[in-house]
Structures are given as structure tokens and as C-alpha cells.
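Trainee: I would like to ask for a close look at the pockets of this structure. Please take me through them step by step.

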Amino acid sequence: MTDLSGRTALVTGGSRGIGRAIAERLAADGAQVAVHYGSNEAAAKDTVAAIEQAGGKAFAVRADLADPAGPDQLITALEDRLGGQPLDILVNNAAIIVYEATIAEATLEQFERQFAINVRAPFFIIQRALPLLRDGGRIVNISSGVTWFATPQTVYSMTKGALNALGRSLANTLGARGITVNTVSPGVTDTEMNSWLHESDDAVPGIAAITALDRVGRAPDIADAVAFFASDDGRWVTGQTLEVNGGLFLGPKTQSW
Ligand code: NAP
């Protein structure tokens, strides 16, 4: 556990799945957390209530990140709620995957929506948040293992590749302000994005079989890595991508030759 007392954090898509676990972890460490959501207000309220019940501080903030105006609306609302306090930690977590958006089937609308939410929004959220982000602050972007293993969801993997490239360049640009920029890259993690995990009896054992630690990832597994980058312990790490996946696709577990 690291001490984030007195710090503020924004977690996009903090209402559900991995984002919720990140919001809960940063709040447990002492940060006041802005729990962003797009449309599911009930989930955001539930996350805020869970944080408060655990003794933490949080509030919900809404913005549709498919909308070009979403990033500005989000940071404007955040500024209102923070009332002059700076932002210490920005976690760009919100994203979508469109499973049908393969090279054969992807439509222009699916392509543009994924790039809007997964790439355009984080870029312009960062741009808009920079005056609010204090020197020595933290940016963590949530990417995906599909940047290094192949998947039929080509468009989704392209959006996450863009995020990896963003992190490295931005770290160099923002270093002068002491702001670190890092990328956390989950493997297969049990969230609503991966509802297919529970649609067949083979999915969970199949993923466990190609994972060194022999199970599917859980949202707190990812949140704990984010907490490191957000903490003072992470002060000398920037421009890096950390694979947080239990050892996904490390190679065959047994050798028959
Ligand atoms: P999830 O359970 O589907 O949650 C997605 C979050 O993003 C929700 O809070 C959702 O809020 C928000 N969101 C979606 N569309 C939005 C929009 N148009 N505007 C604003 N917010 C929007 O996803 P997850 O599995 O936790 O994934 C979190 C991050 O981890 C993503 O970046 C994902 O690409 C990455 N990741 C996940 C896995 C995995 O196995 N789960 C693996 C690798 C990487 P609303 O419900 O209100 O729209």
C-alpha cells in the first residue's frame, strides 16, 4: 500500500471492470478519485458508494468519449469538482472493443468509433488536463497485450498500438515537468468486456492453459500495477510499458521434444 493522501486522481471508465478496480485501489491508498463513466450512471454511483463505504473519497463525472467534445466536457467538470485543487494522477482506461471489427468485416463507423474512444479521447484528455496536472504528476494509459500478440480484432489492436506509441513520446516531452507517463498492458482479464469468458466451458481453462500463473486475470491484478506507477515508488520509471498478464503466451508449459 502506498500513501496517496491529499492527491487527486481521474480514472476514465472508472465505473466498471479494470477502471473500477483502479479507482478503488487509488482511493484505498488515500487519493480523492474522480470516477468517470460514459453512459452507465448506476455503475458509477455503485463504484463511488463502494469507495465511500470503505472510507475513501470519490465522485462521479460523466462524459461520452465518442463525442469530440467529450474530453473538454470531462476536464471542465473535473475542474469544477476539484475547485482549484490540481490533478495528481490521470489514468486513461476507458475503451471499447468491437469484436466484429476484423479486417474482413469492419465498417467505417466501427473503425472510427474505436479510434475515437480508445485513441482520440486519451490524447485530447491529456492535452486538456495538462494545465491542471501538477508538476511531478502521473499519467498511466491502459493498453493491451494485443499490441504484441495477434488477434482477429485488428482495429482494436491498432488503437492500443497507438496508445503505446503515445506513451513513449509523451514521457520524453513531459519529463521536464517531472510528469511520468507509463503504459499498463493487461492480458485476458475477467470483465464485462470479456463476457465470452463465461459463454463456454472451455474459455477460462483455455486461457489458464496459455498463462504461466494458470488462471485468468482479475481487475485488481491490473489495478495494483497502476498503483505502483501512480505512487512515489514509481518516480524514476517513465516511458515504459508493463505487461500485466500472469505470463500470457510465454511459451509451451511442457516440451515434448
Ligand atoms: P469494461 O468492463 O468494458 O469497462 C469499460 C469502461 O469504459 C466503462 O467504465 C465504460 O463506461 C467506459 N466507456 C466505454 N465507452 C465509453 C464512452 N463512449 N465514453 C465514456 N466512457 C466509456 O472494460 P475493461 O475490460 O475494464 O477494460 C478497461 C481497459 O483495459 C480498456 O482500456 C481495455 O481496452 C483494457 N484491456 C482490457 C482487457 C480485458 O481482458 N478486460 C485486456 C487488455 C486491455 P460506461 O459503461 O458508462 O460506458
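Trainee: How much space lies in the second largest pocket?

Mentor: Please keep in mind that this is a predicted model. The second largest pocket holds about 170 Å³ of space. Its lining consists of 14 residues, and those nearest its centre are Arg215, Gly217, Asp221, Asn245 and Gly246. Sorted by class, the lining of the second largest pocket comprises six nonpolar, six polar and two charged residues. As to how such spaces are found, rolling a probe the size of a water molecule over the atoms shows where empty space is left.

The volume of the largest pocket is about 1,100 Å³. A total of 48 residues line the largest pocket, and Ala95, Ile96, Ile97, Thr191 and Met193 lie nearest its centre. Elements H1, E2, helix H4 (108-129) and H5 each give two or more residues to this lining. Of these, H1 provides the largest share, namely three residues. By class, 25 of the lining residues of the largest pocket are nonpolar, 18 are polar and five are charged.

The next matter is the ligand. The space that the ligand takes is the largest pocket. There are 32 residues around the ligand, and the ones that come nearest are Ser39, Asn93, Tyr156, Thr191 and Asn194. The shell around the ligand receives at least two residues from each of helix H1 (17-28), strand E2 (32-37) and helix H5 (154-174). In terms of class, this shell has 14 nonpolar, 14 polar and four charged residues.

Some individual atom pairs can also be examined. On the backbone, an N or O atom of Ser39 is 2.8 Å from an oxygen atom of the ligand. A polar backbone atom of Asn40 likewise lies 2.8 Å from a ligand oxygen atom. From a side chain, a polar atom of Lys160 is found 2.8 Å from an oxygen atom of the ligand.

Terms used:
Residues are numbered from 1 along each chain as its sequence is written. This is a predicted model: local features need pLDDT of at least 70, side-chain atom pairs count only at pLDDT 80 or more; totals for chains, interfaces and linings use all residues. Side-chain values use heavy atoms; hydrogens and water are left out. A residue is near a molecule or strand if one of its heavy atoms lies within 4 Å of it. A polar contact is a pair of N or O atoms within 3.5 Å; within protein, one must be able to donate a hydrogen and the other to accept it, and residues adjacent in sequence count only if both atoms are side-chain atoms. On a 1 Å grid over the protein atoms alone, a cavity is a set of points where a 1.4 Å probe fits but cannot get out, and a pocket is an open set with protein on both sides within 12 Å along at least five of seven lines; lining residues have an atom within 4 Å of a point. A molecule sits in a cavity or pocket if more than half of its atoms lie within 2 Å of its grid points. Helices (H or I, at least four residues) and strands (E, at least two) are DSSP runs, numbered from the N terminus. Ala, Val, Leu, Ile, Met, Phe, Trp, Tyr, Cys and Pro count as nonpolar, Asp, Glu, Lys and Arg as charged, and the others, Gly among them, as polar. Grid points are joined across faces, edges and corners, and a volume is the space filled by probe spheres set on the points.
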